[in-house]
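Here are my notes on the model, as numbered points. Please read them with the structure open.

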Amino acid sequence: MVQIPNTPPSASPAPRSVPTSADVARLAGVSRATVSYVLNNTSAVRISEATRRRVHEAARELGYVPHAAARSLRAGHSRMVLMPAPAIPVGPLYNAFINELQWALGRLDYTVVQHGTVALRGDEAARAWAELRPVAVLVPGAGLGPQGVDVLKRSGARAVVTLGPGSVEGAHALLMDHTTVGHAAVAHLYARGRRRIGVVVPEETGLDTFSRPRLDGARAAVQDTGAEVTALPLAYEERSAARLAGRWPGLGLDAVFAYNDEYAMLLMRALQDAGVRIPADTAVIGADDLMLGRLLRPRLSTVHMDLPSGRDLAELVDRAVRDPGAEPETHTILGASVVHRESS
């Protein structure tokens, strides 16, 4: 029988102490107030570049980062701007806009947090957002009501901004009128001599906020002209596109506005596989003006949309945070113009 030596258990390493602003001040040879001014980007106090470098180098050496909660207590509010994570598929255009917005808010010393609220909608979701005590909330799409805005403001949110088709009492609003997208696309097809026009309506949940007004705009573009608009339900998958392409001869359509460039590319490939010539038999136009559309053959016609710059929206948020009692601002921000290429 082998004897195992009775060795004492190894001692756990002592937990490392968390560096403080006092540690940074000692290493940099400055006051704690100076550390606070430098690391919080305070512009009201003039501090030399040499001192700023010394403070930042000391903070990096010690691994010190400012405590967000403590800073919020001192300021009386957080610097968190909350954006609910979208519950619907978002494309490259929206992602580029969000990236620019995050960069612009970061330059103004805000932190953007995307928050998922699974199975929560409207005012119920607003209560979940309020628990995080954001200084501002940017709500894409529809669903937030005046009661939800009130809950957020009572919890300390100085700015609530909605991005969607309508405004909400008490909130700043960036109105996105998607009827202009459908109107521009179908007016272009009509001007090119097309009279039997299909409009793709995505089957994916949540996209009706955008697809319904685009269909309305498409119908308005050819009202009283004798041209026909047919709604075409389509799921974003190859099988769905192939089924629709298989029915194409019986539909008698000579053009299609495919909701956006991604649905347009999906359907266009299926139509070509089914022997439909683009644009000779059917003209195709999308929306979003994605780079991939320019690489197709034929190149994809599209509707270019003018979204607000991230910098402009960041400045709106900052104004509202600084002056929470100001009257809510309302801006219409979605412009639409056709980019004509070979597919139409």
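**Notes on the fold**

1. Ala255 has Ala283 of β9 as its bridge partner. Strand β8 (residues 255-257) and β9 run parallel and are joined by three bridges. Strands here are DSSP runs of E with at least two residues, and helices are runs of H or I with at least four, numbered from the N terminus. Two strands count as paired if DSSP finds at least two bridges between them.

2. This is a predicted model, in which local features need pLDDT of at least 70 and side-chain atom pairs count only at pLDDT 80 or more, while totals for chains, interfaces and linings use all residues. Residues are numbered from 1 along each chain as its sequence is written, and side-chain values use heavy atoms, without hydrogens and water.

3. Helix α6 (residues 122-130) has buried residues Gly122, Ala125, Ala126, Ala128, Trp129 and Ala130. Buried means under 20% relative accessible area (1.4 Å probe, protein chains only). These buried residues of α6 pack against β1 (80-84), β2 (111-115), β3 (136-140) and α7 (146-154).

4. Overall, the protein has 14 helices and 12 strands. Of its 344 residues, 44% are buried. Among contacts (heavy atoms within 4.5 Å) between residues at least 6 apart in sequence, 70% join residues at least 24 apart.

Notes
Buried < 20%, exposed > 50% of the residue type's maximum accessible area, 1.4 Å probe, protein only.
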